[in-house]
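Please open the model in a viewer and keep the selection panel at hand. The stops below proceed from one selection to the next.

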Amino acid sequence: FARRAGGVAMMNAPLFRIAPDTPALIDTYLTAEQLTFVRVGDPAEVSYDSAAGIVLTGSVTGIGEDSAFPPTTFPTEIVHMTRTTRVTVTLESGARPPAGTPVDLTIRTDSRG
């Protein structure tokens, strides 16, 4: 976003905004048991507290090849002594939560048997 030359701007109004032009990526870490149900292409939903009722959509676009301990800063119910695999979700059409906002991520899986 950029204001046009010669336009009028109110005091403290932005003159321009810089926004990323790449899709938002969200990484999460799943245990081997959770991972058995997840596939690339599975739909995902993201919500966050500061925008109650808003749900951003995306899909699983990457599943790591190796398992490791999740980062110690990763907020999870998984005990940090459990090995996990990184899963990446890409949000659709430029949707993104505010930078640094914790999110709730739901990956929709079906019963593949």
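A polar contact is a pair of N or O atoms within 3.5 Å; within protein, one must be able to donate a hydrogen and the other to accept it, and residues adjacent in sequence count only if both atoms are side-chain atoms. The model is predicted, so local features need pLDDT of at least 70 and side-chain atom pairs count only at pLDDT 80 or more, while totals for chains, interfaces and linings use all residues. Residues are numbered from 1 along each chain as its sequence is written, and side-chain values use heavy atoms, with hydrogens and water left out.

**Whole chain**

Begin with a cartoon view. The protein chain has one helix and five strands, in the order β-α-β-β-β-β from the N terminus. These elements are DSSP runs numbered from the N terminus: helices are H or I with at least four residues, strands E with at least two. Of the 113 residues, 26% count as buried; buried means under 20% relative accessible area, exposed over 50%, and partly exposed in between (1.4 Å probe, protein chains only).

**Thr88 and Asp27**

Select Thr88 in strand β4 (residues 84–91). Thr88 is classed as buried because its relative accessible area is 16%. Where does the side chain of Thr88 make a polar contact? The partner is the side chain of Asp27, at 2.6 Å. Not counting residues up to four places away in sequence, Thr88 also touches others, including Ser59, Val60 and Thr61; contact means heavy atoms within 4.5 Å. The C-alpha atoms of Thr88 and Ser59 are separated by 8.5 Å, although the two lie 29 residues apart along the chain.

The structure holds two salt bridges. For the other, select Arg108 and Glu45, whose closest N and O atoms are 2.9 Å apart. Arg108 lies in the segment after β5 (104–107) and Glu45 in strand β2 (residues 43–47), 63 residues apart.

**The interior**

Move to Gly58 in strand β3 (residues 56–68). Gly58 counts as buried because its relative accessibility is 4%. Gly58 and Ile107 are 49 residues apart in sequence and 9.2 Å apart in space, C-alpha to C-alpha.

**The segment before β1**

Finally, select Asn12, placed in the segment before β1. Its phi is near 70 degrees, a positive value in a residue other than glycine. At 76% relative accessibility, Asn12 counts as exposed. Phe16 lies in the segment before β1 (25–30) and counts as exposed at 55% relative accessibility.

Technical notes
A salt bridge is a side-chain nitrogen of Lys or Arg within 4 Å of a carboxyl oxygen of Asp or Glu.
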